[in-house]
Amino acid sequence: MRFLIIFFFILFFSTSALFSQKRVFKDTLYGTADEIVVTATRSERKLSNVAVPTQLISKRIIQQTGSLKLQDILQEQTGLILVNSALGTSLNGYPNPFGQGIQMLGLDPAYTAILIDGEPLIGRNAGILKLGRLATGNIRQVEIVKGPSSSLYGSEAMAGVINILTNTPQSASLDLQLHHATNNTWGGTIAYSNKFGKTAMQIFANRYVSSGYDLDPVVYGKTVDPFSDWNGQLKIVHDFSRKVQLQVSLRNYDAKQNNDYQIFWQGQPALAQGYTTEKDRTAFVQLRWLMKEGEKIYFRNFYDRYTNNSFVNLEKTETRFDETAFDQTVVKPELQFEKNRPGKSQYVAGMGALLETMNASRYAGMQKLSTFYAYSQKEWYLMRQQFTIIAGVRADKRTDFAMHISPRLAFAFQPSPQWKFTASLGTGFKAPDFRHMYLDFFNAQIGYSLLGSNTLGNQLQKMQQLGQLQAGADINPFLNGTALKPERSYGFHAGAKYTNGKLTAGFSLFRNDIDNLIDVYALPFARTNGLPVYSYRNVVSVFTEGLETDISYRIHDQWSIVAGYQFLIAKDKQVLESIDQSKLYQRDPVSFQTSLVTRKDYVGLPNRSKHSGNVKLLYQQPKVGFDAYIRAIYRGSYGFIDTNGNAIIDGSNEMTEGFTLVNMAAGQSIGKNFRVQAGIENLFNYRNPTQLPNIAGRLYFFNINYSIHQNKQSLKTN
């Protein structure tokens with residue numbers, strides 16, 4: 001009852017920030033844009049008045065890259081870094097079971113909400129959602145909202161939001177694509193859309209198979225084993241009348257990957273083989289009711305079930321060596337109201353629930369988690385829409401934690417068509433999940449352990465009694481673990497953008513302060529096999545700060561260039577305090593001499609590059625249907641793993657060198673319906689590719705596209 005009272009107070013007396021913008025760009029590479037933008041509530045507004053920092057990846061850019069996987073597109077954007085989890089980077093050449101995720105504003109992938117058509121993607125492993133399971137064939141555009149967004153999206157949006165918008169049904173069209181690449185990689189895509197009276201339908205299917213690849217011939221097996229996957233989506237839109245519309249979407253993902261590892265069994269090397277299967281099935285239903293002009297109400301319900309099952313058997317005896325199972329289900333009902341006063345204000349409010357069930361082999365039985373939430377937002381357009389104010393708040397109540405309130409405030413000012421200034425500030429939060437608290441995981445293939453904070457003491461005692469810890473391991477400091485606290489962030493972002501004909505230049509500053517950050521750490525002792533024991537802890541306080549800049553210039557009708565750069569500092573405030581108080585020491589690995597750590601020695605949080613950037617060059621001849629697209633991605637050096645035992649990155653021997661990737665593609669249209677495309681990825685390779693997230697040597701690909709579009713006007717679904 002108290003939650004409902006607070007919700008209605010928020011609904012009528014407060015405001016909320018932007019839900020999920022959908023910018024309608026002509027082409028971001030040219031720096032020009034239409035005047036109208038559309039949020040996830042499908043309400044139109046002027047692009048010049050949007051106050052929330054947003055990047056957009058258009059369908060045209062996705063097609064010009066030639067890639068079939070979303071993660072390859074995202075890593076080419078300024079400020080988005082494709083990274084392994086902290087566990088994945090410590091496997092020293094062994095296959096990484098967690099995949100890669102997106103680091104934004106210096107925060108780990110666990111702090112970025114990934115949405116598909118505004119609904120959450122689930123199935124995180126070690127905090128990472130495997131973006132490799134998302135195909136690009138039916139993506140209309142990708143929106144990237146940076147900065148704390150818990151006022152809109154809840155717990156997982158401390159760094160920001162990536163919203164993947166798929167195609168909407170339209171009049172008769174057919175798209176076919178055949179893809180072939182290095183490592184015996186094949187992909188096939190079919191997309192069919194049509195409209196029958198008041199009903200529009202779209203069917204999408206994608207098949208992707210690969211023989212995998214090997215980066216280190218010294219280690220048995222492949223870095224990525226052979227795999228195959230299916231992506232499919234059915235979307236139906238039906239207009240009962242001008243005021244009532246029903247939208248139904250069904251999505252399916254199925255994947256299978258071989259597992260083939262070398263292990264040590266009873267002190268001798270042995271081979272273990274098996275496979276991993278993944279399934280992700282979602283259903284979404286939305287009923288939109290236009291009550292009167294400018295007022296809409298939405299009834300939504302979203303269902304998602306994700307499963308991941310894996311096993312390996314000893315090759316000689318076919319005895320089961322290891323087996324894991326993960327089953328997660330989410331149900332998300334939501335009610336949303338929208339009121340639009342064109343040129344004056346925009347108001348939206350909603351309430352809903354996130355009902356989650358997890359049944360995993362690494363937890364003690366089935367676990368349930370329920371979150372109830374309410375949000376509200378209002379946007380005011382002042383000074384003939386030159387000035388925009390966005391204010392908002394969201395309340396989240398999880399069953400095992402107190403209610404959390406997340407406010408946000410944003411401004412945009414456009415004194416002229418050339419200049420636009422923005423500023424936003426807000427808070428974010430992230431509550432510990434069952435993985436953080438109750439996980440009891442031993443990776444039999446590799447040999448490390450990962451224990452939740454609530455199970456740490458008991459499990460360490462058992463391991464010591466069974467002789468699984470190194471001799472002399474002092475477990476006493478960890479027997480009475482402290483319960484994890486929810487994380488909380490405070491974020492600020494300010495930017496300026498200049499557009500004048502052929503030139504567009506943007507510059508922004510950001511700062512995020514996070515209290516009680518939940519992070520993986522290695523205990524100061526190991527298992528008897530020499531591999532680490534990990535757990536979770538609250539870091540007292542960390543911060544990330546830096547700047548980003550993007551410049552695009554259209555040289556002339558055929559040539560365009562885009563460049564982006566991020567400067568990032570990410571450090572632990574408690575470490576800095578210990579350094580200032582002369583309490584932190586380091587030991588030289590060669591001379592074994594001990595010395596005090598200085599601020600200059602302290603690099604910062606691991607897996608963060610101080611410098612990163614990209615350069616893109618596009619050449620096109622529209623009259624003959626030819627284009628060529630070259631992209632270079634640079635990531636500077638970053639902390640890899642602590643080697644001197646003081647639990648921080650403070651030496652060059654704990655860093656990995658930076659690298660540059662160069663990708664290129666060229667396409668040629670043949671007639672009205674055919675297009676062929678060829679390209680090379682990873683044209684330049686770093687000399688130690690085992691430390692890179694997705695490098696498999698020089699990759700060649702070839703695409704053939706066939707398209708028929710009788711009418712490109714889409715059915716409106718907002």
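I take two strands to pair if DSSP finds at least two bridges between them, strands themselves being DSSP runs of E with at least two residues and helices runs of H or I with at least four, numbered from the N terminus.

**Entry 1: what I am reading.** I number residues from 1 along each chain as its sequence is written, and my side-chain values use heavy atoms, with hydrogens and water left out.

Entry 2: I looked up β23 (residues 419–430) and found an antiparallel pairing with β22 (residues 404–413) over six bridges. The two form a hairpin with five residues between them, and within this pairing leucine 409 has leucine 425 of β23 as its bridge partner. β23 also pairs with β26 (residues 487–500), again in the antiparallel sense, over 12 bridges; here I noted alanine 496 in β26 as the bridge partner of phenylalanine 421. As background, strands of a sheet pair through backbone hydrogen bonds, either parallel or antiparallel.

**Entry 3: the five-stranded sheet.** I traced an open sheet with mixed pairing and the strand order β4-β9-β10-β7-β8. Its edge strands, each pairing on one side only, are β4 (54–58) and β8 (119–120). I followed β4 to β9 (residues 139–146), with which β4 makes an antiparallel pairing over five bridges, and recorded valine 145 in β9 as the bridge partner of threonine 54.

**Entry 4: totals.** I counted seven helices and 38 strands in the protein. Of the 718 residues, 55% are buried, where buried means under 20% relative accessible area, exposed over 50% and partly exposed in between, with a 1.4 Å probe and protein chains only. Taking a contact as heavy atoms within 4.5 Å, I find that 63% of the contacts with a separation of 6 or more join residues 24 or more positions apart. The protein exposes about 30900 Å², of which carbon and sulfur atoms supply 58%; the areas come from the Shrake-Rupley method with a 1.4 Å probe, and for residues only the protein chains shown count as cover.

**Entry 5: confidence.** The mean pLDDT (the predictor's confidence in each residue, from 0 to 100) is 83, and 87% of the residues reach 70 or more. Over residues 1–33 the pLDDT is below 50, although this stretch has 128 contacts in the model beyond near neighbours in sequence. Residues 686–696 likewise stay under 50, with 33 contacts beyond four places in sequence. Where pLDDT is low, the predicted coordinates should not be read in detail.

**Entry 6: salt bridges.** I searched the whole structure and found 26 salt bridges, each being a side-chain nitrogen of Lys or Arg within 4 Å of a carboxyl oxygen of Asp or Glu. Arginine 608 forms one with aspartate 108, the closest N and O atoms being 3.5 Å apart. Arginine 608 lies in the loop between β31 (594–596) and β32 (611–621) and aspartate 108 in the loop between β6 (101–104) and β7 (112–116), so the pair ties together parts that are 500 residues apart in sequence. Arginine 608 is buried at a relative accessible area of 12%, whereas aspartate 108 is partly exposed at 22%.

I also noted lysine 292 with glutamate 295, at 3.8 Å from N to O; lysine 292 is partly exposed at 49%, while glutamate 295 is buried at 12%. Glutamate 323 and arginine 320 meet at 3.1 Å, N to O, with glutamate 323 partly exposed at 48% and arginine 320 partly exposed at 41%. A network of salt bridges links Glu119, Arg300, Lys332 and Glu334.

**Entry 7: leucine 699.** I placed leucine 699 in β38 (residues 699–709), where leucine 699 counts as buried because its relative accessibility is 16%. The C-alpha atom of leucine 699 is separated by 6.8 Å from that of alanine 181, 518 residues apart along the chain. Not counting residues up to four places away in sequence, leucine 699 touches Thr182, Asn183, Gly679, Ile680, Glu681 and Asn682.

How values were computed: This is a predicted model: local features need pLDDT of at least 70, side-chain atom pairs count only at pLDDT 80 or more; totals for chains, interfaces and linings use all residues.
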